[in-house]
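Trainee: I am new to this structure and would like to learn how to read it. Could you walk me through some of its features?

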Amino acid sequence: MEFSEIVDFLRNYDGKPIRLMEVCGSHTHAIATHGIRDILSDKIQLLSGPGCPVCVTPTAYIDKLIDICLEPNTTVATFGDLLRVPGSKESLNEAKGRGGSVEMVYSPMDVLALAKDHPDRQYVFAAVGFETTAPVYTLLLDNAIAQGLSNIKILTALKTMPGAISYLCDNGARIDGFIAPGHVSAVTGADYFNDLADKYSIPFAVSGFGAKELVIGIYGLVQMVINNQPQVKNYYTSVVEQGQNDIIVSQLNKYFRPADVVWRGMGIIPGSGLLLRDEYASFDAGSNGLDEDNKRNKACRCGDILMGKATPKDCPLFGKVCTPMSPEGACMVSEEGSCFNAYLVRR
């Protein structure tokens, strides 16, 4: 089928209503910036799920980072998008403004140079992410061990996708098909989602991030829904293999173990996170038990939005008191957040 015919089909589709969800923050951003929703029939609804790692990081984790950055001779190193995530009372940026030591970095490896240059200062890296970024943190630990750097620790908020998708399916999210996360799939392989497709009789389409790639992936997913084909199809074969990368999996298993962790707005999801193994406890800055998830603004509906039970426009704060410059909820902070992107293309 020609690409123009695919676009025509999606634009003119008039069958049963179909609800699709992407669970990748980069997909959320790409869908918004490419205007993908504008070419879809009103009968095809795209929802943004818990695919932004910053958006699902609980307030207790932010509060812990704030406590750490205020300790003597201690610096929190983090990526920029975590700086403005609201904790239960304030953000890292606000804590920095009252004297906390916070360093924005572009790579976890930047911490190695900081730790070498300042051996009397403790550096705690905010290790947030999914299966995609977790391997990078293992390389940070490899290097810290090899270089004998004892002034590096990590505070983990690492999560894995299958647990969250199971939680959505088990708790009334009403999703007909998932756009599988492209970056995660590049690490885990497309077969990673086979068990979910079988268990919930729901299709998955692994997609790239270009406009054409996304449209083709959505078309394939719609066809699977229409034809009742609960399987996983890989539309990103230039990057994603079917099977897992055994080298990366081995590296992850070396340092991390599965754990029950809390997802912001969704609660504790069994087996959906990664914590450092006991033998590497000396590198842990206190990651276990960060389960509290108190909203700074109780009216924020980030949790419902992440579960596909509401859209950003359903939130009474959206575009009013909650904007990218003054976020009240985590979904408005990152450029991968659903509220941030809805605000970006609002009309």
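Mentor: Gladly! Let us begin with a definition: two strands pair if DSSP finds at least two bridges between them. Keep in mind that this is a predicted model. Here strand β7 (residues 177–180) and strand β8 (residues 204–206) pair in the parallel sense, over three bridges.

Trainee: Which residue in β8 is the bridge partner of I179?

Mentor: That is A205.

Trainee: How do I read the sheet as a whole?

Mentor: In general, the strands of a sheet pair through backbone hydrogen bonds, and the pairing is either parallel or antiparallel. In this model, five strands make an open sheet with parallel pairing, and their order is β2-β1-β7-β8-β9. The edges are taken by β2 (44–48) and β9 (232–234), each of which has a single partner strand, so one side of each has no neighbour in the sheet. From one strand to the next, the twist averages 20 degrees.

Trainee: Which strands does helix α10 touch?

Mentor: Helix α10 (residues 211–226) packs on the sheet and touches β1 (18–22), β2, β7, β8 and β9. The direction of α10 makes about 135 degrees with that of β1.

Trainee: And how do I describe two helices that pack together?

Mentor: The general idea is to give the angle between their axes and the distance between the axes. Take helix α6 (residues 134–146) and helix α11 (residues 246–255): their axes come within 9 Å and cross at roughly 65 degrees. The crossing of α6 with α11 is left-handed. On the α6 side, the contact is made by A134, P135, T138, L139, L141, D142 and I145, while α11 brings I248, Q251, L252, K254 and Y255.

Trainee: How many cavities of 30 Å³ or more does a search of the whole structure find?

Mentor: The search finds two.

Trainee: What lines the second largest cavity?

Mentor: The second largest cavity, with about 30 Å³ of space, is lined by G25, T28, S48, G49, G51, C52, L306, E336 and S338. Here the division is two nonpolar, six polar and one charged.

Conventions. Residues are numbered from 1 along each chain as its sequence is written. This is a predicted model: local features need pLDDT of at least 70, side-chain atom pairs count only at pLDDT 80 or more; totals for chains, interfaces and linings use all residues. Side-chain values use heavy atoms; hydrogens and water are left out. Helices (H or I, at least four residues) and strands (E, at least two) are DSSP runs, numbered from the N terminus. Axes are lines fitted to C-alpha atoms, for helices over the stretch in contact, and angles run from 0 to 180 degrees between N-to-C directions. Contact means heavy atoms within 4.5 Å. A crossing is left-handed if the near helix is turned anticlockwise from the far one by less than a right angle, and right-handed if clockwise. On a 1 Å grid over the protein atoms alone, a cavity is a set of points where a 1.4 Å probe fits but cannot get out, and a pocket is an open set with protein on both sides within 12 Å along at least five of seven lines; lining residues have an atom within 4 Å of a point. Grid points are joined across faces, edges and corners, and a volume is the space filled by probe spheres set on the points. Ala, Val, Leu, Ile, Met, Phe, Trp, Tyr, Cys and Pro count as nonpolar, Asp, Glu, Lys and Arg as charged, and the others, Gly among them, as polar.
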